[in-house]
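Reader: I would like to learn how to read the features of a helical model. Could you take me through one, step by step?

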Amino acid sequence: MQEKLSQSHHQTVKKAALGGAFLMAMSAVGPGFLTQTATFTQSEKANFGFAILICILVDIIVQLNIWRIIVVAGKRAQLIANEVVPGLGYLLSALVALGGLFFNIGNVAGAGLGLNVLFGIPVIWGAILSAIFAIGILIVKNALKYVDWTVQILAIIAVLVLIYMLVVTKIPYGQAVSHTFAPTKIDFYSILTIVGGTVGGYISFAGGHRLLEGGAKGQADIKYVNLGALTGIGLASVIRVMLFLVGLAVVLTGTKLDPTNPAAAIFKTAAGSFGLKFFGLLLFAAGMSSIIGSTFTSTSFLDYAVNGRSVRFRDYLTVGFIAFATIVFALVGQPAKVLVVVGALNGLILPIALAILLVAALKEPIMGARYHHPIWLSITGWIVVLFMAFASLKTIFTLF
C-alpha cells in the first residue's frame, strides 16, 4: 500500500514538474518578451545577443535556487519571506502581484491582437474573448490539469512558428555568435528589462508554486525541481534565441520597425502577409500562456497574503485580476511601452526576491535540520543579486 502511494506521489509530482516547466517557460516568453526583443534588437543589433546570454545564465541560477528553496521548505515564497522577517512576505506579495497585474495588461492585449491578426476580430473584442477563455481554464474544476495542457499546446505552437521563420529567413549566424560572446557595447537597461521581463517578478515563482500545488515537498522531491526547472529553462532559451535571430536578420536589412508593434513588423518583413498571420498565431499563444501564468502565480501570492492559508476567494481573485487588466487595456490602449517599462520594474524586484530566499535557505527552522543549500547555488545566486542590483541602480541613474 505504501509503495503504491509512493508511486502515485512520484507520478503526480513529475507531472507537476513538467507542468511547472511549461508554465514558467511560456510565462517568460509572452508578449512582453516579443516586444522587448524586437525593440532592443533594433537599437542594439547583434549586441543584444549578449543580453540574451546573460538572461539565460541568470535564468538558470534564479530558477534552480527559487524552485529548490520553495519545494524543500514546502511553503510558498511569501510565507517563507514572512519567516525571514515578519511582514516581509506581504511586501513581496505586493511587489510580485503589482508587476504581474501590469504585465497582464500587455498579455491580454497581446492575445487580443493575435486574434485580430488571425481573424480580423477587433482587438478589444479579441482581448475580452481571450480573458474569458483564460478565466474558464483557471477556475474550472481540476484547473491545474487544464492549465498544463493548454500551456503545453501553446508552447508547441510557438516553437513551430519560430522554426518556420528561421527556415524562410536568412539568418546572420556568424555576426550573432561573435557579438553575443564579445559585444562591442553593453546596455544595462536592455539587460535589466529583458531579465526582468523573462525571469523577474512573478515569472521566478511560477514553476515553484505550480510544483508545490502539485504535491512536491521536502528534499526527496529535489530531483523533480531539477527536471522541471531545467526543462523550462531549456524551452524558454530556445524560443528566446530563435526570436532574436529572426529579429536580427530583419533589422540588419535596415528595416525600421513600427514602434507601436515592433514584433509584428519583423514577421511581416521576413515572410510577408503569411508571416504576419504566423505572428498572430505566435502572439495569441504567447498572450494566452502569459495570462494564465501571470494570473496563476500572482493570485497564489495574493490568496496567501490574505490570512496565511489558501482561501476560497482564489476564483474571485482570478476573475478580478484578469478583468482589471482587460478594462485597463480597453481604456488606455497601446501596451508596447507598458511592456518594456514593466519588464524593467520586474528586473528591480528580482534581486529583492532572490535575496530573501537565499537568506531563508540558510535558516534551519525554515529548511529543516538536515538540509544544506548547495554552495555553488548560494554563491552564484548572490552574484545575480549584486549584478541585478547594480544594473537596477545604473538604469535608474541613467533614466533620471
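This is a predicted model: local features need pLDDT of at least 70, side-chain atom pairs count only at pLDDT 80 or more; totals for chains, interfaces and linings use all residues.

Reader: Gladly. How many helices and strands are in the chain?

Author: Helices (H or I, at least four residues) and strands (E, at least two) are DSSP runs, numbered from the N terminus. Here the chain has 16 helices and 0 strands.

Reader: What does the radius of gyration say about the chain?

Author: The radius is taken over C-alpha atoms, and the globule rule is 2.2 Å times the number of residues to the power 0.38. For 400 residues, a compact globule would come out near 21 Å, and the chain agrees with its 20 Å. Its C-alpha atoms fill a box of roughly 60 × 45 × 45 Å along the principal axes.

Reader: What share of the residues count as buried?

Author: Buried means under 20% relative accessible area, exposed over 50%, and partly exposed in between (1.4 Å probe, protein chains only). Of the 400 residues, 58% count as buried.

Reader: How are two packed helices described?

Author: By the angle between their axes and the distance between the axes. The axes are lines fitted to C-alpha atoms, for helices over the stretch in contact, and angles run from 0 to 180 degrees between N-to-C directions. Take helix α5 (residues 88-119) and helix α6 (residues 123-139): the angle is about 115° and the axes are 7 Å apart. The contact includes Val 108 and Gly 112 of α5 and Ala 127 of α6. By class it has 8 nonpolar, 4 polar and no charged residues. For these classes, Ala, Val, Leu, Ile, Met, Phe, Trp, Tyr, Cys and Pro count as nonpolar, Asp, Glu, Lys and Arg as charged, and the others, Gly among them, as polar.

Reader: At what angle do α3 and α8 pack?

Author: Helix α3 (residues 48-73) and helix α8 (residues 173-181) pack at about 60°, with axes 7 Å apart. Gly 49, Phe 50 and Leu 53 of α3 meet His 179, Thr 180 and Phe 181 of α8. That contact divides into 3 nonpolar, 3 polar and no charged residues.

Reader: Now single residues. Is Thr 326 buried or exposed?

Author: Thr 326 counts as buried because its relative accessible area is 9%. Thr 326 sits in helix α13 (residues 314-332), and its side chain reaches the backbone oxygen of Ile 322 at 2.8 Å. Leaving out residues up to four places away in sequence, Thr 326 touches Val 108, Ala 127, Ile 128 and Ala 131.

Reader: Which residues does Thr 150 touch?

Author: With residues up to four places away not counted, Thr 150 touches Ile 137 and Ile 292. Thr 150 and Ile 292 are 142 residues apart along the chain, yet their C-alpha atoms are separated by 9.2 Å. Thr 150 lies in helix α7 (residues 143-168) and is buried, at 15% relative accessible area.

How values were computed
Residues are numbered from 1 along each chain as its sequence is written. Side-chain values use heavy atoms; hydrogens and water are left out. A polar contact is a pair of N or O atoms within 3.5 Å; within protein, one must be able to donate a hydrogen and the other to accept it, and residues adjacent in sequence count only if both atoms are side-chain atoms. Contact means heavy atoms within 4.5 Å.
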